[in-house]
Amino acid sequence: MSLFPRRHLKAARLLQNMDESVKPCDNFYQYACGGWLERHVIPETSSRHSVFDILRDKLEIVLKGQLGEIFSVGQCGLQYFGERFSDRKCLCVLSSVLTKTINVCRTMQNYLTWQLIIDRVNSLSRRFKDARARYRKTLYGTTVEDAWWRECVRYVQSSMENAVGALYVRETFAGESKRMVSAFGPKTRVIGTIILIALHHFKAMAIKEHIGYPDHILQESNQKLDQEYAHLNFSEEHYFENILENLKSEAHKSLKKLREPVDPDLWIIGAAVVNAFYSPNRNQIVFPAGILQPPFFSKHQHQALNFGGIGMVIGHEITHGFDDNGRNFDKDGNMLNWWSNYSADHFKEQSQCMVQQYGNFNWKLAGGQNISGISTLGENIADNGGVRQAYKAYLKWVEMEGEEPRLPGLDMDHKQLFFLNFAQVWCGAYRPEYASQSIKTDSHSPLEYRVLGSLQNFEAFSEAFQCQKGSPMNPELKCRVW
Ligand SMILES: [Zn+2]
């Protein structure tokens, strides 16, 4: 028996995540995500569990199915390791690489050695992994290691992005180009609308967008893709050397770019990724295929939800071009001051307001530390700008296309739905160890404050939920950079 009538299924996800005992004007994050937080337990293997993280877990399962046909999962080539390659030999290879290439002061050398080794522990034997477990427990609060196949999938995905991207896109978007085009049509419209409406600015207009995946990865008998891996000398017998081979090839690729003109068409990330990016020195935004799915986007879900989801993500990335870092680059991605003194002063003043606002958020889970308003400024500017632009674009969309039918099963209007989905893509929980760590190292504010901070500043939110002036979600003082 189903809990919800079939036509209410779409509302079910939204409803289950909510806690309607909390008033939206008191704490919108609890209101939108309270039910989600109640129903989810952070897995022993994770430092954080969120809507984002669940999508990433699922994507890894898709890749496991795809890659499983190529490598036998659970072994990842490691069966060769114990027999043929001792730890001592591994470390010898590493240290010879380091002494050859590094002739710097001891601290730097130690730091680089440490970075190289900690990154290689995954390819070493149990002894090294056990040593790392205690370190991870302290830093992330995780007590159990991820399933080995996940490590394998992540490794192959990060070192062969385009090959894995091709497998992923073939599997999830089911190939034929016609269906692709119809799936991407509305999306491209969302992006176009946001760029057009949100920022009437020459730099925004010059932004190059990459959506889904680079076309070439789906071509049959794909020479470009083959070339990418042609020089790699893998051997079935030598697991650890294969990994060094990958490292060498990555370094080589990076070095080759030095003194070459920037290639604006290059994709800076693979398709099988649940994230989105802005590259300041390309003035490029990227939305890999992995993020083009619910709750962010679906052609079957209401546009109010799409604009609150992927629309906000697009607005966020565009705004990075105008945050405290991105603003130092011009429309072609060159580092150049194109600001008038007046605008620059105004920007700094408004930024200072946000530094104060977020700096006052006290995160109990992180031992009562306050967020650093300064180190999260760029992301907070992007969050605030992103939701504003997506909202404006949604209003414009309604003006052009007309009001959508109401979502059955949920007594909310479209403006409210927009904000609800915006908040729900950020539902998530942290382990306290990771809270204490990430508050010092993450350039993003904790999920909860990403929602609270940006909605407290947004008048349209308070109008949508009729929050009284002075209520927690509608403070008198509002910060606005964009
Ligand atoms: Zn960002």
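Because the model is predicted, local features are reported at pLDDT of at least 70 and side-chain atom pairs count only at pLDDT 80 or more, whereas totals for chains, interfaces and linings use all residues. Residues are numbered from 1 along each chain as its sequence is written. The protein chain contains 20 helices and seven strands, where helices (H or I, at least four residues) and strands (E, at least two) are DSSP runs numbered from the N terminus. Of its 482 residues, 36% count as buried; a residue is buried if 20 or more other C-beta atoms lie within 10 Å of its own, exposed if 12 or fewer, and partly exposed in between, with C-beta atoms placed from the backbone. Among the contacts in the protein chain with a separation of 6 or more, 73% are between residues 24 or more positions apart, a contact being two residues whose C-beta atoms, placed from the backbone, lie within 7 Å.

**The three-stranded sheet**

- Three strands form an open sheet in the order E2-E4-E3, with mixed pairing; two strands are taken to pair if DSSP finds at least two bridges between them.
- E2 and E3 stand at the edges with a single partner strand each, so one side of each is left without a neighbour in the sheet.
- From one strand to the next the twist averages 15°.
- Strand E2 (residues 208–212) runs parallel to E4 and is joined to E4 by five bridges; Lys208 stands opposite Gln284, and His210 has Val286 as its bridge partner.
- Strand E3 (residues 277–279) pairs with E4 in the antiparallel sense over three bridges, and here Phe277 stands opposite Val286.
- E3 and E4 form a hairpin with four residues between them, and Asn283 in the turn has a positive phi of about 50°.
- Strand E4 (residues 284–288) is mostly covered, with five of its five residues buried.
- In a regular strand the side chains alternate between the two faces of the sheet.
- Both faces of E4 are covered, with Gln284, Val286 and Pro288 buried on one side and Ile285 and Phe287 buried on the other.

**Packing of H3 and H8**

- Two packed helices are described by the angle between their axes and the distance between the axes.
- Helix H3 (residues 51–68) and helix H8 (residues 148–159) pack at an angle of about 85° with their axes 10 Å apart; axes are lines fitted to C-alpha atoms, for helices over the stretch in contact, and angles run from 0 to 180 degrees between N-to-C directions.
- H3 and H8 are therefore roughly perpendicular to each other, given that angles under 35 degrees count as roughly parallel, over 145 as roughly antiparallel, 65 to 115 as roughly perpendicular and the rest as oblique.
- Glu60, Leu63, Lys64 and Leu67 of H3 make the contact with Trp149, Arg150, Val153, Val156 and Gln157 of H8.
- These contact residues divide into five nonpolar, one polar and three charged, where Ala, Val, Leu, Ile, Met, Phe, Trp, Tyr, Cys and Pro count as nonpolar, Asp, Glu, Lys and Arg as charged, and the others, Gly among them, as polar.

**Helix H9 and Ala163**

- Helix H9 is mostly covered, with nine of its twelve residues buried, including Glu161, Val164, Leu167 and Tyr168.
- The buried residues of H9 pack against H3, H8 and helix H12 (223–230).
- Ala163 lies in helix H9 (residues 161–172) and is buried, because 21 other C-beta atoms lie within 10 Å.
- Leaving aside neighbours within four places in sequence, Ala163 is in contact with Leu225 and Tyr229.
- Ala163 and Leu218 are 55 residues apart in sequence, and their C-alpha atoms are 9.6 Å apart in space.

- Pro294 and Pro295 are joined by a cis peptide bond with omega of about 5°, and Pro295 is in the loop between E4 and helix H14 (303–320).
- Arg259, in the loop between helix H13 (239–257) and E3, has a positive phi near 65° although this residue is not glycine; Arg259 is exposed, with 6 other C-beta atoms within 10 Å.
- Gln466, in the segment after helix H20 (459–465), likewise has a positive phi, near 50°, in a residue other than glycine; Gln466 is exposed, with 10 other C-beta atoms within 10 Å.
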